Amino acid sequence: MNRKILLAMITSALLTAVSVVLGRFASIPVNLMGIFALNFGFGLAPVILSGLLFGPTWGFLTGFLADLIGALAFPKGAYVPLFSLTYALAGFTPAALAAGLPGLKKWIRNPIMPTDAAMDTACGSYLRLLVCVGISQILFSVGLNSLFISMLY
(Lines give C-alpha, C1' and ligand atoms only; values in the text may rest on other atoms or scores of the structure.)
Protein backbone atom coordinates (compact mmCIF):
# COMPACT_ATOMS: atom_id res chain seq x y z
CA MET A 1 0.00 0.00 0.00
CA ASN A 2 1.20 3.49 -0.78
CA ARG A 3 2.66 5.31 2.22
CA LYS A 4 0.68 8.53 1.56
CA ILE A 5 -2.60 6.64 1.40
CA LEU A 6 -1.78 4.81 4.62
CA LEU A 7 -0.94 8.10 6.35
CA ALA A 8 -4.18 9.66 5.10
CA MET A 9 -6.19 6.63 6.25
CA ILE A 10 -4.71 6.56 9.75
CA THR A 11 -4.94 10.31 10.24
CA SER A 12 -8.50 10.45 8.93
CA ALA A 13 -9.49 7.60 11.25
CA LEU A 14 -8.05 9.50 14.20
CA LEU A 15 -9.77 12.71 13.09
CA THR A 16 -13.03 10.76 12.75
CA ALA A 17 -12.71 9.57 16.34
CA VAL A 18 -11.89 13.09 17.55
CA SER A 19 -14.90 14.43 15.65
CA VAL A 20 -17.21 11.86 17.27
CA VAL A 21 -15.93 12.72 20.74
CA LEU A 22 -16.11 16.50 20.18
CA GLY A 23 -19.50 16.29 18.51
CA ARG A 24 -21.16 14.06 21.09
CA PHE A 25 -19.50 15.03 24.37
CA ALA A 26 -17.97 18.50 24.00
CA SER A 27 -20.86 20.35 22.40
CA ILE A 28 -23.15 22.75 24.21
CA PRO A 29 -26.90 22.57 23.45
CA VAL A 30 -28.75 25.87 23.63
CA ASN A 31 -32.43 25.91 24.55
CA LEU A 32 -34.64 28.87 23.75
CA MET A 33 -37.83 28.96 25.83
CA GLY A 34 -37.42 25.29 26.72
CA ILE A 35 -36.98 24.11 23.13
CA PHE A 36 -33.69 22.88 21.66
CA ALA A 37 -32.54 25.53 19.19
CA LEU A 38 -28.77 25.45 18.62
CA ASN A 39 -25.80 23.21 19.24
CA PHE A 40 -22.41 24.86 19.72
CA GLY A 41 -19.52 22.51 19.21
CA PHE A 42 -16.29 21.80 17.40
CA GLY A 43 -17.13 18.36 16.01
CA LEU A 44 -16.85 19.56 12.44
CA ALA A 45 -13.34 21.02 12.86
CA PRO A 46 -11.52 17.65 12.52
CA VAL A 47 -13.63 16.81 9.46
CA ILE A 48 -12.70 20.09 7.76
CA LEU A 49 -9.06 19.58 8.76
CA SER A 50 -9.06 16.12 7.17
CA GLY A 51 -10.35 17.56 3.92
CA LEU A 52 -7.82 20.38 3.93
CA LEU A 53 -4.91 18.06 4.72
CA PHE A 54 -5.67 15.19 2.35
CA GLY A 55 -8.18 16.49 -0.17
CA PRO A 56 -11.93 16.72 -0.63
CA THR A 57 -12.48 12.96 -0.91
CA TRP A 58 -10.94 12.32 2.50
CA GLY A 59 -12.96 15.17 3.98
CA PHE A 60 -16.14 13.65 2.56
CA LEU A 61 -15.34 10.17 3.91
CA THR A 62 -14.28 11.48 7.31
CA GLY A 63 -17.44 13.56 7.65
CA PHE A 64 -19.75 10.76 6.58
CA LEU A 65 -18.13 8.20 8.86
CA ALA A 66 -17.93 10.60 11.82
CA ASP A 67 -21.65 11.29 11.68
CA LEU A 68 -22.56 7.66 11.02
CA ILE A 69 -20.42 6.32 13.88
CA GLY A 70 -21.58 9.07 16.23
CA ALA A 71 -25.24 8.45 15.42
CA LEU A 72 -24.97 4.68 15.79
CA ALA A 73 -22.77 4.67 18.91
CA PHE A 74 -24.55 7.51 20.74
CA PRO A 75 -28.08 7.78 19.33
CA LYS A 76 -30.22 10.82 20.08
CA GLY A 77 -33.11 9.62 17.97
CA ALA A 78 -33.63 7.95 14.62
CA TYR A 79 -30.70 7.88 12.21
CA VAL A 80 -31.30 10.11 9.19
CA PRO A 81 -28.72 9.64 6.40
CA LEU A 82 -29.37 13.15 5.09
CA PHE A 83 -27.51 14.61 8.06
CA SER A 84 -24.53 12.35 7.33
CA LEU A 85 -24.58 13.71 3.80
CA THR A 86 -24.56 17.25 5.17
CA TYR A 87 -21.60 16.43 7.44
CA ALA A 88 -19.76 14.82 4.53
CA LEU A 89 -20.38 17.79 2.23
CA ALA A 90 -19.18 20.13 4.97
CA GLY A 91 -15.88 18.22 4.95
CA PHE A 92 -15.69 18.12 1.16
CA THR A 93 -16.56 21.69 0.21
CA PRO A 94 -13.87 23.78 1.99
CA ALA A 95 -11.11 21.60 0.54
CA ALA A 96 -12.67 21.67 -2.93
CA LEU A 97 -13.12 25.44 -2.81
CA ALA A 98 -9.60 26.05 -1.50
CA ALA A 99 -8.06 23.84 -4.18
CA GLY A 100 -10.30 24.60 -7.12
CA LEU A 101 -10.86 28.35 -7.08
CA PRO A 102 -7.56 30.11 -7.78
CA GLY A 103 -9.31 33.43 -8.45
CA LEU A 104 -10.63 33.44 -4.89
CA LYS A 105 -7.24 34.47 -3.53
CA LYS A 106 -7.23 37.71 -5.53
CA TRP A 107 -10.79 38.50 -4.48
CA ILE A 108 -10.08 38.36 -0.75
CA ARG A 109 -6.60 39.90 -0.66
CA ASN A 110 -6.28 42.19 2.33
CA PRO A 111 -5.23 45.71 1.24
CA ILE A 112 -4.15 46.68 4.76
CA MET A 113 -1.25 44.21 4.97
CA PRO A 114 2.22 45.20 3.69
CA THR A 115 3.04 44.38 0.08
CA ASP A 116 5.77 41.93 1.06
CA ALA A 117 5.20 38.75 -0.97
CA ALA A 118 5.45 36.41 2.01
CA MET A 119 2.95 38.39 4.07
CA ASP A 120 0.63 38.72 1.08
CA THR A 121 0.65 34.97 0.47
CA ALA A 122 0.10 34.07 4.12
CA CYS A 123 -2.71 36.59 4.52
CA GLY A 124 -4.35 35.48 1.31
CA SER A 125 -4.24 31.81 2.28
CA TYR A 126 -5.70 32.43 5.76
CA LEU A 127 -8.45 34.61 4.36
CA ARG A 128 -9.12 32.11 1.60
CA LEU A 129 -9.42 29.37 4.19
CA LEU A 130 -11.80 31.48 6.26
CA VAL A 131 -13.96 32.26 3.23
CA CYS A 132 -14.04 28.62 2.09
CA VAL A 133 -15.06 27.34 5.53
CA GLY A 134 -17.57 30.17 5.93
CA ILE A 135 -19.21 29.43 2.58
CA SER A 136 -19.41 25.75 3.49
CA GLN A 137 -20.93 26.43 6.90
CA ILE A 138 -23.55 28.81 5.51
CA LEU A 139 -24.52 26.38 2.75
CA PHE A 140 -24.66 23.21 4.81
CA SER A 141 -24.92 23.88 8.55
CA VAL A 142 -27.37 26.74 8.14
CA GLY A 143 -29.03 26.00 4.80
CA LEU A 144 -29.13 22.27 4.17
CA ASN A 145 -29.52 21.22 7.82
CA SER A 146 -32.41 23.66 8.23
CA LEU A 147 -34.03 22.29 5.08
CA PHE A 148 -33.71 18.69 6.28
CA ILE A 149 -35.05 19.54 9.73
CA SER A 150 -38.06 21.31 8.19
CA MET A 151 -38.66 18.30 5.92
CA LEU A 152 -38.60 15.96 8.94
CA TYR A 153 -40.92 18.04 11.07
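Modeller: Buried means under 20% relative accessible area, exposed over 50%, and partly exposed in between, with a 1.4 Å probe and protein chains only. This is a predicted model, where local features need pLDDT of at least 70, side-chain atom pairs count only at pLDDT 80 or more, and totals for chains, interfaces and linings use all residues. Residues are numbered from 1 along each chain as its sequence is written, and side-chain values use heavy atoms, leaving out hydrogens and water.

Biologist: Is Thr 93 buried or exposed?

Modeller: Thr 93 has a relative accessible area of 11%, so Thr 93 is buried. Its place is in helix α4 (residues 81-100); helices are DSSP runs of H or I with at least four residues, numbered from the N terminus. Contact means heavy atoms within 4.5 Å. Leaving aside residues up to four places away in sequence, Thr 93 touches Ser 136 and Phe 140.

Biologist: Which residues make up the largest nonpolar core?

Modeller: A nonpolar core is a set of buried Ala, Val, Leu, Ile, Met, Phe, Trp, Tyr and Cys residues joined through side-chain atoms within 4.5 Å. Here the largest has nine residues: Val 20, Leu 44, Val 47, Ile 48, Ala 66, Ala 90, Phe 140, Leu 144 and Phe 148. Two or more residues come from each of α2 (45-54) and α6 (117-152).

Biologist: How are α2 and α3 placed relative to each other?

Modeller: Two packed helices are described by the angle between their axes and the distance between the axes. Axes are lines fitted to C-alpha atoms over the stretch in contact, with angles from 0 to 180 degrees between N-to-C directions. For α2 and α3 (residues 56-73) the angle is about 155° and the axes are 6 Å apart. Angles over 145 degrees count as roughly antiparallel, under 35 as roughly parallel, 65 to 115 as roughly perpendicular and the rest as oblique, so α2 and α3 are roughly antiparallel.
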